[in-house]
Amino acid sequence: MSAKVWSRLPSPPAGFARELGMPPFQAHLLFNRGIRRPEEIEPYLAADDRLAHDPLLLPDMEKAVARLEKALADGEVIGVFGDFDADGVTGTALMVQALSELGSTVIPYLPDRVDEGHGLSAQAVQSLRSEGVSLMVTVDCGVSSAEEVDLASSVGMDTIVTDHHSVPPSLPDAVALVNPRRPGSRYLFEGLTGVGIAFKLAEALWAGLGRPRPVHLLELVALGTIADVGPLTGENRYLVKEGLRRLNETRHPGLRALIARSGLRSGSLDTDSLSFGLIPRLNAAGRLSDASTSLDLLTADSAGTAESIADALELHNDERRRLTEEGVAQAHGQVQPQDGTAPAIIIVEHQEWMPGILGLIAGNLCETYYRPTVAISVGERTCRASARSIPEFDIVEAFRRSGDLFHRFGGHPQAAGFTLPTGQLGRLKDELRAAAKEHLDGAKLVPSIEFDCEIAPALLNGDNLAFMEALRPFGEANPAPVFLTRYARIVEARKVGRREAHLKMRISHGNGTWDAIAFRQGGRVAATGDVIDLVYTAGMNEWGGRAKLQLNILDFRQAG
């Protein structure tokens, strides 16, 4: 039996479909995606550059452009400092390419995950200055790096900060600080990721120099935005949709090699392809070794070089997968549910876990047990951790209550991390358990699945399927439609995939039958003849040159 709660999203009011001039099914899906008036439909479905905003509306953008124009005119060496995750790496590659195409000498710098951690460091500042850099541009970081920006200034290096993270009370004294979340910002969309803001800077700079918009860089924007789980609303819908279109016909040597190594095919890439194929490989180098390998791929200028680097990333990804599976198994062994119930917060630790896989371990346990989870790599002097949480518990706020214990901490309410002295680990665990007990005691912690509407699968016909395609790109804040169907019969069920992790089924309902797959549900019981209720998304699955409708089952239970 499923332990998940299924809840129906609000239905549109009576007469809504007539008001929009659309079939009720299609109007229902639009209503659940925030469309309320007829004039909103076409821009939403088109997702074209009408959703883009003037980059000069971003705080300090004019200052940033003026300083870059001076650097270009004077032949200054420009440094680009980015984070080591896929958002930071794609943003760094984008900025390097945008400046290089304008004739600049550019030196990129990506920090080491273990030695330096997230954010701008004194080591990076000194390294870039030693290579002659007089202007540094940060990508996806810097808004909380006041000390490091001051250090850069003291050694003769100006800094332009581009960042999308929450703005602290005290800002760095940079030449320009471009962040749509700054108080008083006139920018109309806060959801840009690090690579998105890097693109807006490139766009403004190119316009200032009389160059056309650098739309060829949008394929990198799509990658980084999906990797950072940026909301696929507003301007991001345009950036990702256009970026995907260009990615599907890319001539970029590095991206072509990455697509090939992922077993994917140009022309059929979507957000899922990026999330499960390209992005894990881009992230693998930074998780296990040096993120510069991924940057080298994205800045490669020949097919031969790119293919060699893609081979190296594939090896990194294989090793990342092996270490993650091993770590997840070790972590599950540390969880001790009482009376079948997991503790309010799960804290697991190991001396040999690499920092780069901690988030993957925490995410697996959080999803499995539906509890906030902290995975810790315990060192002799320092502990590093990643945490994943549930909507009911703000993990960063819990860290903030113990803020005096850490070397540093930060993140978002449902994804965060920290470093702290190993000697403080015991106290921290006690305080986190107390905070979880206080906030979650008595709460019914059950994962939920929201569905758009109850239908018969036969409704997913040509016109409606075409309409659902127009709702893409799917992702954060613009999810694929989810449907409920009751009293469907299992015609066939078998386990498939690596370690039989998935359930492949044939489902009958009414007079039709459909292929269905339940990913990561291979351990559940599903027998031929069972009658079930199911919640699912739907899409076309291409196999042997033929495309057929497939139901992607999110959850199922005995009918009724």
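This is a predicted model: local features need pLDDT of at least 70, side-chain atom pairs count only at pLDDT 80 or more; totals for chains, interfaces and linings use all residues.
**Backbone features**

Two places in the backbone deserve attention. Most residues other than glycine have a negative phi, and most peptide bonds are trans. Asp 60 is not a glycine, yet its phi is positive, at about 65 degrees. Pro 473 belongs to the loop between α18 and β14 (483-496).

**Two helix pairs**

Two packed helices are described by the angle between their axes and the distance between the axes. The table gives these values for two pairs.

| Helix pair | Distance between axes | Crossing angle |
|---|---|---|
| α5 (residues 86-100) and α9 (residues 218-227) | within 8 Å | roughly 160 degrees |
| α6 (residues 122-130) and α7 (residues 146-154) | within 9 Å | roughly 25 degrees |

How is α6 oriented relative to α7, parallel or antiparallel? Angles under 35 degrees count as roughly parallel, and the axes of α6 and α7 cross at roughly 25 degrees, so α6 is roughly parallel to α7. The crossing of these two helices is right-handed. On the α6 side, the contact is made by Ala 122, Val 125 and Gln 126, and on the α7 side by Glu 148, Leu 151 and Ala 152. By class, four residues of this contact are nonpolar, one is polar and one is charged.

Helix α5 contributes Ala 86, Asp 87, Thr 90, Ala 93, Leu 94 and Gln 97, which meet Leu 220, Val 221, Leu 223, Gly 224 and Ala 227 of α9. The contact of α5 with α9 has seven nonpolar residues, three polar ones and one charged one.

**The second largest pocket**

The second largest pocket holds about 470 Å³ of space. It is lined by 20 residues, and the closest to its centre are Ala 342, Pro 343, Ala 344, Ile 345 and Arg 433. Which elements each supply at least two residues of this lining? They are the strand β7 (346-350) and the helix α17 (425-440). Helix α17 gives the most, with four residues. In the lining of this pocket, twelve residues are nonpolar, four are polar and four are charged.

**The largest cavity**

The model has one cavity of 30 Å³ or more. The volume of the largest cavity is about 60 Å³. Its lining is formed by Leu 465, Met 468, Glu 469, Arg 472, Phe 474, Ala 538, Gly 539 and Met 540. Helix α18 (462-470) and strand β17 (531-543) each supply at least two of the lining residues. By class, the lining of the largest cavity has five nonpolar residues, one polar residue and two charged residues.

Terms used:
Residues are numbered from 1 along each chain as its sequence is written. Side-chain values use heavy atoms; hydrogens and water are left out. On a 1 Å grid over the protein atoms alone, a cavity is a set of points where a 1.4 Å probe fits but cannot get out, and a pocket is an open set with protein on both sides within 12 Å along at least five of seven lines; lining residues have an atom within 4 Å of a point. Grid points are joined across faces, edges and corners, and a volume is the space filled by probe spheres set on the points. Ala, Val, Leu, Ile, Met, Phe, Trp, Tyr, Cys and Pro count as nonpolar, Asp, Glu, Lys and Arg as charged, and the others, Gly among them, as polar. Axes are lines fitted to C-alpha atoms, for helices over the stretch in contact, and angles run from 0 to 180 degrees between N-to-C directions. Contact means heavy atoms within 4.5 Å. Angles under 35 degrees count as roughly parallel, over 145 as roughly antiparallel, 65 to 115 as roughly perpendicular and the rest as oblique. A crossing is left-handed if the near helix is turned anticlockwise from the far one by less than a right angle, and right-handed if clockwise.
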